[in-house]
Amino acid sequence: MVDYLTGEWTVERTLVDLGAGRSGSFRGTAVFAAAGDGRVSQTEEGELCWDGGTPGRAGRTLVLRPGADGTCEVMFADGRFFHDLDLRTGGWAVCHPCAADRYEGAFAAVSRDEWHVRWRTTGPAKDHLQRTVYRRGPAARS
């Protein structure tokens, strides 16, 4: 799975804040790069814009810790566990409790060059939906 993810991807994310009745988008890149300790860093950078407002820079970093069986653990940049991930069959569902909120995620490997992620967040602080399409960068396809 790490071999599949390693490289540069374009990121197109739609965001919907159902509680506030607003939507937004994130467009940018994600780079999955091997670290010397066997882990893989996932760094996203791009522009976030809500409801036609002024775009602003946004990003995040996650760390993937591969397992011997082809799965991995996804960690926040500070080392806290986020969720497990297993794309060996092409799809995976996860749940992450965050305080009183609940994040439910679904991952789907569409092809060698595209995969999708959907997050539904519910709870007293959030009522959000995110859909992300990752497409392998042009340099990686040639």
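Predicted model: local features only at pLDDT ≥ 70, side-chain atom pairs only at ≥ 80, totals over all residues.
Good morning. Strand S1, residues 7–17, and strand S10, residues 127–136, pair in the antiparallel sense over nine bridges.

Strand S9, residues 114–122, runs antiparallel to S10 and is joined to S10 by nine bridges. Thr121 lies opposite His128 of S10, and Thr122 lies opposite Asp127. S9 and S10 make a hairpin with four residues between them. In that turn, Gly123 has a positive phi of about 150 degrees.

These strands belong to an open sheet of ten, in the order S6-S5-S4-S3-S2-S1-S10-S9-S8-S7, with antiparallel pairing. Its edges are strand S6, residues 81–85, and strand S7, residues 91–98, each of which pairs on one side only. On average, neighbouring strands in the sheet are turned by 20 degrees against each other, ignoring direction.

As an example from another part of the sheet, consider Thr43, which is found in strand S3, residues 40–50. Thr43 and Thr61 are 18 residues apart in sequence, yet their C-alpha atoms are 4.4 Å apart in space. Beyond its neighbours within four places in sequence, Thr43 is in contact with Thr29, Ala30, Val31, Arg60 and Thr61.

I now come to the charged residues. Side chains of opposite charge can pair when their charged atoms come close. How many salt bridges does a search of the whole structure find? The search finds 13, and I shall describe several.

Asp17 forms a salt bridge with Arg22, with the closest N and O atoms 4.0 Å apart. Asp17 counts as buried because its relative accessibility is 14%, whereas Arg22, at 34%, is partly exposed.

Asp86 forms a salt bridge with Arg88, and here the closest N and O atoms are 2.8 Å apart. With a relative accessibility of 10%, Asp86 counts as buried.

Thank you for your attention.

Terms used:
Residues numbered from 1 in each chain as written. Heavy atoms only, no water. Pairing = 2+ DSSP bridges. Helix = DSSP H or I, 4+ residues; strand = E, 2+ residues; numbered from the N terminus. Axes fitted to C-alpha atoms, helices over the stretch in contact; angles between N-to-C directions. Contact = heavy atoms within 4.5 Å. Salt bridge = Lys/Arg side-chain N within 4 Å of Asp/Glu carboxyl O. Buried < 20%, exposed > 50% of the residue type's maximum accessible area, 1.4 Å probe, protein only.
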